[in-house]
Amino acid sequence: MKKKINLLLFFGILSAVLLVGGIPMIIIGAGKNTFLLVTGIVFTAFDFYACPIIFSLYGSAVSLNHTVQCVTSEHIYNVKDIAVQTGKNEEIVRNDIRTAIEKRYITGLLFDGEKLFYNNNAKAARTTLRAKCPSCGAPVDYFSDEANPTCPYWACL
C-alpha cells in the first residue's frame, strides 16, 4: 500500500509540474516552434484534468492507509475508537474497513459493521516443513498446521 501511495504522490507532483510547465511552452512555442506549442497544449490540457484526479486518489489512499495502520499497528478494532483516532466520521471508517478487507490490506479479521474480530476458522499461515521418517529414512514434507505428519511409505512418524 505504501508503494501505491508513493506512486500516486510522484505522478501527482509530475502532473502539477507539467501543468504549470505547459503554459510557458505554449507561449514560447507560439513563435516558431510548433512541436513545443503542441507539447505545451497537450501537457496543459491533459494535466488540467489529471492533476486533481491524481491528488484526490492520493488523498483517499492516505486516508485508507491511516485506517489500516490503526487496525494493524495500533490494534484498534472498534469503529468508534478508529473514528476518534483518525478524526473521521464513523461511516467513512466503516467504508474504509470494508475496502481494506476487500483489497486484502487487512487479513485474518472479520468485520460485523461495528467491530473487527479475529477469524478463528481461518487456518494460520502455512509453511512447509520437512522431517525424516525414523523407520525408513525417507523425507516427509508436511504443513506446519498438521498435527501428525505421516510417512507416505510406512504411515508413521
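## Where α3 meets α4

Let's start with a helix pair: α3 and α4 pack with their axes 9 Å apart, at an angle of about 105°. Since 65 to 115 degrees counts as roughly perpendicular, the two helices α3 and α4 are therefore roughly perpendicular to each other. On the α3 side, the contact is made by Val 79, Lys 80, Ile 82, Ala 83 and Thr 86. Helix α4 brings Glu 90, Val 93, Arg 94 and Ile 97 to the contact. Sorted by class, the contact of α3 with α4 has five nonpolar residues, three charged ones and one polar one. Please keep in mind throughout that this is a predicted model.

Glu 91 also belongs to helix α4. With a relative accessible area of 42%, Glu 91 is partly exposed. From C-alpha to C-alpha, Glu 91 and Val 79 are 8.7 Å apart in space, with a sequence separation of twelve residues.

## The nonpolar core

Which residues of the largest nonpolar core touch the most other members? They are Val 71, Ile 82, Val 93, Ile 97, Ile 106 and Leu 116, out of 15 residues in that core. At least two residues of this core come from each of α2 (34-72), α3 (79-86), α4 (90-102) and β1 (109-111). Helix α2 gives the largest share, four residues.

Setting aside residues up to four places away in sequence, Ile 106 touches Val 68, Val 71, Ala 100 and Ile 101.

## A view from α1

Helix α1 covers residues 2-29, and Ala 16 lies in it. Is Ala 16 buried or partly exposed? Its relative accessibility is 25%, so Ala 16 counts as partly exposed. Apart from its neighbours within four places in sequence, Ala 16 is in contact with Cys 51 and Phe 55. Ala 16 and Phe 48 are 32 residues apart in sequence, while their C-alpha atoms are 8.5 Å apart in space.

## The β3 and β4 hairpin

Strands β3 (residues 128-132) and β4 run antiparallel and are joined by five bridges. One of the paired positions is Thr 128, whose bridge partner in β4 is Phe 143. The hairpin has six residues between the strands, and its Gly 137 takes a positive phi near 85°.

In a regular strand, side chains alternate between the two faces of the sheet. Strand β4 (residues 139-143) has Val 140 and Tyr 142 on its covered face. The uncovered face of β4 holds Pro 139, Asp 141 and Phe 143.

## Two loop residues with positive phi

Most residues other than glycine have a negative phi. His 75 is not a glycine, yet has a positive phi of about 55°. It is found in the loop between α2 and α3, and with a relative accessible area of 48%, His 75 is partly exposed.

Arg 104 is another non-glycine residue with a positive phi, about 65°. Arg 104 sits in the loop between α4 and β1. Its relative accessible area is 62%, so Arg 104 is exposed.

Conventions
Residues are numbered from 1 along each chain as its sequence is written. This is a predicted model: local features need pLDDT of at least 70, side-chain atom pairs count only at pLDDT 80 or more; totals for chains, interfaces and linings use all residues. Side-chain values use heavy atoms; hydrogens and water are left out. A nonpolar core is a set of buried Ala, Val, Leu, Ile, Met, Phe, Trp, Tyr and Cys residues joined through side-chain atoms within 4.5 Å. Buried means under 20% relative accessible area, exposed over 50%, partly exposed in between (1.4 Å probe, protein chains only). Contact means heavy atoms within 4.5 Å. Two strands pair if DSSP finds at least two bridges between them. Axes are lines fitted to C-alpha atoms, for helices over the stretch in contact, and angles run from 0 to 180 degrees between N-to-C directions. Angles under 35 degrees count as roughly parallel, over 145 as roughly antiparallel, 65 to 115 as roughly perpendicular and the rest as oblique. Ala, Val, Leu, Ile, Met, Phe, Trp, Tyr, Cys and Pro count as nonpolar, Asp, Glu, Lys and Arg as charged, and the others, Gly among them, as polar.
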